[in-house]
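This briefing is for a reader meeting the structure for the first time. Please look over the sequence and the model before reading on.

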Amino acid sequence: MADPTNHNQAGEVAPSTVDQQAPSVAEEHAPSTDSPEATDIPTANAPDPKAANPEDNPNAAKPAAASPKREKPAAAAKAATGEKSAADATAEKPAAAKAAKKEKAPSVEDKPFVEFIEQDYLPALQKAIAQKGVQDLQVSFAKQKMPITGFESAEECWQIIGSWSEIGKRQFNLYFPDEDIQGKKGFSCNEGKKPSTLESFLIDERKITLDLLVYGLVQRLDGQKWLGRN
């Protein structure tokens, strides 16, 4: 026969042993109200995570990792088109200036007038006339009066005097009254007599060079029929 104590009134089921023990078990394992609870409210002794040094305070907020810098559109465009920066252009200036200096070496025509005539023009002129068949040419360079009729009162000027004895006494004079190869120039020639005419020499040339001075005088003497078999 069933125990009448295990049943309540008709239609009701008595609580199980688990239900009867649940409150006591939950209460037994519930946290004690005497122990401190962790909250989000900072205490007076707790360091501020934002202000504390991360090395000393492990709870400090770590700084966000720096994002990689993006190249500016202008810099990217210069890099893509190969455009040089101001620093690169400045670095190339000394090299460019040095190259330009080498290309523009001083020419013989830039020498002082007397130095140019003695060192460059006279040797080149003698060689050119000798190649035309004149072997006994004598040439000198002096500052003196013009040996031309009517110029006795004129001032002295630098002149090149050339002469040879082939077929009589032939002499020519090339005058530089401005003491400058780019300035005024004159010419006279004679065969044993005092010259009476002063001619302009290379007056239509914009710039006088060593080769042009040599060529012009050789052409003038050839026109006088003093060179070669003339």
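The model is predicted. The protein chain holds 5 helices and 5 strands. Read from the N terminus, these elements follow the order α-α-α-α-β-β-β-β-β-α.

**Whole chain**

- The protein chain has 230 residues, and 23% of them are buried.
- Its accessible surface comes to about 17,400 Å², and carbon and sulfur atoms account for 52% of that surface.
- Among contacts with a separation of 6 or more, 44% are between residues 24 or more positions apart.

**The largest nonpolar core**

- The largest nonpolar core has 33 residues.
- The members that touch the most other members are Ile117, Tyr121, Ile129, Ile160, Phe172, Leu217 and Leu221.
- At least two residues of this core come from each of helix H4 (113-130), strand S1 (138-144), strand S2 (157-164), strand S3 (170-176), strand S4 (186-190) and helix H5 (210-223).
- H4 supplies the largest share of the core, with 8 residues.
- Leaving aside neighbours within four places in sequence, Leu217 is in contact with Tyr121, Leu125, Phe172, Leu174, Phe187 and Phe201.

**Helix H5**

- H5 is made of 14 residues and spans 20 Å from its first C-alpha to its last, close to the 20 Å expected at 1.5 Å a residue.
- Its buried residues are Leu210, Leu212, Leu213, Val214, Gly216, Leu217, Val218 and Leu221.
- The cover over these buried residues includes H4, S2, S3 and S4.
- After H5 comes Lys225, with a positive phi near 65 degrees.

**Gln159, a residue of strand S2**

- Gln159 is located in strand S2.
- Gln159 has a relative accessible area of 0%, which is under the 20% limit, so this residue counts as buried.
- Which backbone oxygen does the side chain of Gln159 reach? It is that of Gln144, at 2.9 Å.
- The Gln159 side chain also makes a polar contact with the side chain of Asn173, at 3.0 Å.
- Beyond its neighbours within four places in sequence, Gln159 is in contact with Ser140, Phe141, Ala142, Gln144, Lys145, Met146, Pro147, Asn173, Leu174 and Tyr175.

**Aromatic rings**

- A pair of aromatic rings is described by two values, the distance of the centres and the angle of the planes.
- The count of aromatic pairs in the model comes to 6.
- Trp164 belongs to strand S2 and Trp226 to the segment after H5, so their pair ties together parts that are 62 residues apart in sequence.
- Are the two partners buried or exposed? Trp164 is buried, with a relative accessible area of 2%, and Trp226 also counts as buried, at 2% relative accessibility.
- Ring pairs also join Phe113, Phe141, Trp158 and Phe176 into a cluster.

Notes: Residues numbered from 1 in each chain as written. Predicted model: local features only at pLDDT ≥ 70, side-chain atom pairs only at ≥ 80, totals over all residues. Heavy atoms only, no water. Core = buried A, V, L, I, M, F, W, Y, C linked by side-chain atoms within 4.5 Å. Buried < 20%, exposed > 50% of the residue type's maximum accessible area, 1.4 Å probe, protein only. Helix = DSSP H or I, 4+ residues; strand = E, 2+ residues; numbered from the N terminus. Contact = heavy atoms within 4.5 Å. Areas by Shrake-Rupley, 256 points an atom, 1.4 Å probe, with all protein chains shown as cover. Expected span 1.5 Å × (residues − 1). Polar contact = N/O pair within 3.5 Å; in protein donor to acceptor, adjacent residues only side chain to side chain. Phe/Tyr/Trp six-rings, centres within 6.5 Å; stacked < 30°, edge-to-face > 60°.
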